[in-house]
Amino acid sequence: MTDVLPHPVDQVTVEHVHEDLHEEHHGPTGILKWMTSTDHKVIGMSYTVTSVIMMVIGGLFAEIIRAQLASPNAHLVSLAQYNELFTMHGSVMIYLFAGPFAFGALANIIVPLQIGAPDMAFPRLNALSYWLYLFGSLTMLSGFFTAGGAANFGWVAYAPLSNSLNTPGSGADLWIGGLLLTGFSAIFTGVNLCATIFYLRAPGMTMFRMPIFTWNLMVTAILILLAFPVLTAGLIMLYCDRHFGTHIFSVAGGGVPVLWQHIFWFWGHPEVYILALPFFGMVTEIIAVFSRKPVFGYKGMIFATLSIAALSLGVWAHHMYTTGVVLLPFFAIMSLLIAVPTGIKMFNWIGTMWRGEIWFSTAMLMAVGFLITFLIGGLTGIFLASPPLDFFTHDTYFVVAHFHSVVMALVLGAMGGLYYWGPKITGYMLNETYGKIQFWFLFIGTQVFTIPGYILGLDGMPRRIAMYPHDPQWQTLNQISTLGAILIGISTIVFVANIAYSWKKYPAGDNPWDAQTLEWFTTSPPPHHNYYRLPQIRSERPTWDYNHPGHTASPHGHHVEEESEQEVPVA
Amino acid sequence: MRVEAKVLLGLGLFFGLMFAVYWHYSNEDAGGVMMFGGMLLGFLPGGYYYWWSRRMKPRPEDNPGATQSEGAGVVGAFPSSSIWPFTLGCGCFLMVLALVFGIWLVIPGVGLVGWAFLGGTAEGRRSGKH
C-alpha cells in the first residue's frame with residue numbers, strides 16, 4: 001500500500017522545478033503592471049474583476065426589466081428602451097460575463113496551478129485575449145452612447161430583424177464589432193488552454209490524474225475552437241449584409257434568413273456548455289473537498305463531460321423547432337440524449353457527498369444550491385427538447401424561466417468558485433457569515449424569480465414584451481418574480497459588502513480547506529511562476545496524498561487493499 | 001500524448017458519424033458543413049498527436065510513475081511582462097471602431113497592429129527578456 005502513496009522521504013526531498021525561471025521578478029508596478037503583465041494570475045484577476053463588473057451591469061439591466069414588468073402598463077422605460085435593455089442584458093450576461101468568467105477568469109488562474117505549470121502556454125496571447133475582451137466589452141456597451149441607442153434585436157440578432165432596414169443605427173454595428181473582438185478573445189483562450197493542458201503538465205500528472213475542473217476546461221477549450229469561429233464568420237456575414245449590399249440572410253436577394261439561425265445556434269448551443277462545463281468542474285472540486293472524499297466516479301465524470309461536449313454540437317436546431325424547416329427527430333433525439341451524461345454527473349455529485357463528512361461552508365452551500373437550481377433548469381430543458389412541448393412553450397416565459405434557472409445555477413457555481421479559490425488567489429479568506437447570508441438571498445431569490453416564470457409561460461405570456469394584458473394572476477406572478485430579482489440584487493450587494501468587510505482581514509494560509517488538488521500545495525497567493533517545489537503526483541489529488549500519508553483511499557476512490565494490483569509502481 | 005490524441009480522434013469520429021446521418025436525412029447544407037468542419041477539427045490535430053505519440057518516448061507527464069526531477073530543466077520562455085499585447089489589442093479596438101466611427105480609424109489601427117507585430121517579434125527573439 002505504501003508503494004502507491006508518497007514516501008515520507010519523498011516529502012522532504014521534493015525537487016526544485018523550473019529552477020532557472022525563479023530569478024527574482026522585478027516587473028512594473030501599479031497600472032503599468034496591469035497593462036503589461038503576462039502572468040496568468042494577474043490576467044485571470046483582471047478577467048475576474050472585469051467580468052464581475054459586467055455581471056453587475058447586466059444585473060442592473062435585469063432589475064430595470066423586472067421593475068418594468070411589475071405592473072402591466074408600467075412606464076418606467078419606453079418600448080424602444082425596453083428592447084435595448086433586454087438585448088443588452090442577454091448580451092452582457094452571456095458574452096461579457098458568463099463566458100469570460102467561465103473560461104477566462106478562474107480558469108486562467110486555476111488551470112496552470114492545477115497541473116503544475118509555470119504559466120499558460122502562450123502568456124502574451126493570454127494577455128491579448130484579455131485586452132480583446134475588455135475592448136470588445138467597451139465597444140458593445142458604447143452603443144448606449146450613440147444617437148440610436150444600443151442594439152435592440154435581442155441577443156440572438158435574428159435575420160431579417162437585424163438587417164440595416166429593420167435595425168438601422170450604429171448600436172447594432174457596435175454590438176457586432178464588440179462580439180468580433182470578444183469572439184477572437186475566446187478563440188485565443190481556447191488555443192491557450194488546450195496547449196497548456198497538453199504540454200505543460202507536471203511530471204506524473206497524467207491525463208487521468210488531472211482534476212475534473214481542468215478536464216472540463218480542456219473540453220470547454222475544444223468546444224470554443226469548434227463553435228466560436230462559426231459565430232465570427234456569421235457576424236462578418238451579418239455586417240456585410242448590413243453595409244456591403246450582400247444578401248446572405250435576406251430573401252429579397254436570394255438569401256436564406258434561417259441560415260443565420262443555423263449559424264448562430266451552431267455556436268449558441270455549444271456556448272451553453274462552454275458556459276456550463278467550467279462551473280460543473282468548479283462544483284465537482286468544491287463538493288469533493290467539502291465532503292472529504294475523492295470525486296465519486298472520476299472517469300465516469302470525464303466521460304460524461306466528453307459526451308456532453310460531443311452531443312452539444314448536434315442539437316443546435318432545438319432552438320429552431322418552430323421554424324418548421326429542421327429535422328425534428330434528429331434534434332429531439334440528440335437533445336434528449338444529453339440528459340444521460342448530465343444525469344451521470346448529477347448522480348456522481350450526490351455519490352461524492354454520500355457518506356462524506358460534509359462541511360457546509362459557503363462554497364459548499366453554493367455548490368449544493370447549484371445542484372438544485374441546475375436540476376430544475378435541466379429538467380425543464382428536457383421538456384423543451386421535445387418538439388410537441390416546445391411548439392406549445394416556444395418564446396414564452398417558460399423558456400425564459402428555464403434558461404434563467406440554468407444560468408442562475410451557474411452564478412451560484414461561480415460564487416462557490418470565488419469563495420473556494422478566492423483564498424488561493426488573494427491569500428485572504430472571505431467572511432463566512434456574510435457568505436451564508438449571500439447564499440440564502442441568492443438561492444431563495446433565484447427560485448422566487450424563476451418559478452413564477454414557468455407558470456406564466458404555461459399560461460401563455462410571451463417573452464420580450466414590455467407590457468401585458470391586465471390579468472390579476474399574471475400581475476401577481478410577475479410581482480413575485482420581481483421580488484426574486486430584488487433578492488438576487490441584495491445578494492450581490494452582500495457579496496460586495498463582504499469583499500469590503502473581509503478586505504485583507506483573514507489570512508488564509510496555503511491550504512485553508514484541507515483541499516485535494518495540486519493548486520493548494522503552493523503558497524497563497526502563488527509566487528511568480530507558481531511553484532517552488534512540487535509533491536510526487538500519484539493520484540488525482542496529490543496535495544491530499546501529501547498531507548494525509550496514511551490514508552486508505554487510493555486513486556479514483558477505490559480502496560487500496562482491494563485493487564492494489566492495479567496501481568502503478570513508483571519508478 | 002496518446003490520451004490527448006484519442007480524445008480528439010473520438011470527437012472527430014463522433015462528428016463524422018453525425019455528419020453522415022445529418023447529411024443524409026436533412027435537407028439543408030449549413031449544419032452538415034459545420035459538422036464536417038467539426039470532424040476535421042477532431043481528426044487533424046488528433047491524427048497529428050497520434051502520429052507523434054507513436055514516435056516519441058512517453059513524456060514525464062504521461063508516465064504515471066514519474067518523479068519531479070524528471071521534469072527539471074527549462075520548460076520554456078515565459079515573459080513576465082510585455083506591452084505588445086496591449087498595443088495589439090488597442091490596434092484591433094480601433095479597427096473595430098472604424099466599422100462605425102469612420103474608416104480613417106483603420107489607419108492608426110493598422111499602424112498599432114503592425115508596431116505590435118514588430119515589437120512582439122523582436123521581444124520574442126530576445127526570449128522574453130527586455
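This is a predicted model: local features need pLDDT of at least 70, side-chain atom pairs count only at pLDDT 80 or more; totals for chains, interfaces and linings use all residues.
The crossing of H5(A) past H3(B) is right-handed. On the chain A side, the contact is made by Arg124(A), Ala127(A), Leu128(A), Trp131(A), Leu132(A), Phe135(A) and Thr139(A).

Helix H11, residues 339-353, packs against helix H12, residues 362-385, at an angle of about 160 degrees, and their axes are 12 Å apart. H11(A) is therefore roughly antiparallel to H12(A). Here the crossing is left-handed. Which residues of H11(A) meet H12(A)? They are Ala339(A), Thr342(A), Met346(A) and Trp349(A), and they face Leu371(A), Leu375(A), Gly378(A) and Ile382(A) in H12(A).

Next, I come to helix H14 of chain A, residues 397-426. Its 30 residues should span 44 Å at 1.5 Å a residue, and the end C-alpha atoms are 40 Å apart, which agrees. Where does H14(A) bend? The bend, of about 40 degrees, is at Tyr420(A), and a proline, Pro423(A), follows within four residues. H14(A) is also mostly covered, with 28 of its 30 residues buried. Just after the helix, Gly427(A) takes a positive phi of about 90 degrees.

I now return to the two loops on either side of H5(A). The loop between helix H4 (79-114) and H5 of chain A contains Ala117(A). Is Ala117(A) buried or exposed? Ala117(A) has 27 other C-beta atoms within 10 Å, and because 20 or more is the cut-off, Ala117(A) is buried. Leaving aside neighbours within four places in sequence, Ala117(A) is in contact with Pro112(A), Thr196(A), Leu200(A) and Arg201(A). Ala117(A) and Ala202(A) are 85 residues apart in sequence, yet their C-alpha atoms are 6.4 Å apart in space.

The other loop runs between helix H5 (123-141) and helix H6 (170-199), and it holds Pro160(A). The peptide bond from Ala159(A) to Pro160(A) is cis, with omega near 0 degrees. Ala157(A), in the loop between H5 and H6 as well, has a positive phi of about 50 degrees although it is not a glycine. Ala157(A) counts as buried, because it has 22 C-beta neighbours inside 10 Å.

Finally, I would draw attention to the loop between strand E2 (506-507) and helix H17 (542-547) of chain A, where Pro525(A) lies. A cis peptide bond joins Ser524(A) to Pro525(A), and omega there is about -10 degrees. Asp514(A) belongs to the loop between E2 and H17 too. Asp514(A) is not a glycine, but its phi is positive, at about 55 degrees. How many other C-beta atoms lie within 10 Å of Asp514(A)? There are 14, so Asp514(A) is partly exposed.

Methods
Residues are numbered from 1 along each chain as its sequence is written. Chains are lettered from A and ligands numbered from 1 in the order in which they are written. A residue is buried if 20 or more other C-beta atoms lie within 10 Å of its own, exposed if 12 or fewer, and partly exposed in between; C-beta atoms are placed from the backbone. Two residues are in contact if their C-beta atoms, placed from the backbone, lie within 7 Å. The expected span of a helix is 1.5 Å times one less than its number of residues. The bend at a residue is the angle between axes fitted to the seven residues ending there and the seven starting there. Axes are lines fitted to C-alpha atoms, for helices over the stretch in contact, and angles run from 0 to 180 degrees between N-to-C directions. Angles under 35 degrees count as roughly parallel, over 145 as roughly antiparallel, 65 to 115 as roughly perpendicular and the rest as oblique. A crossing is left-handed if the near helix is turned anticlockwise from the far one by less than a right angle, and right-handed if clockwise.
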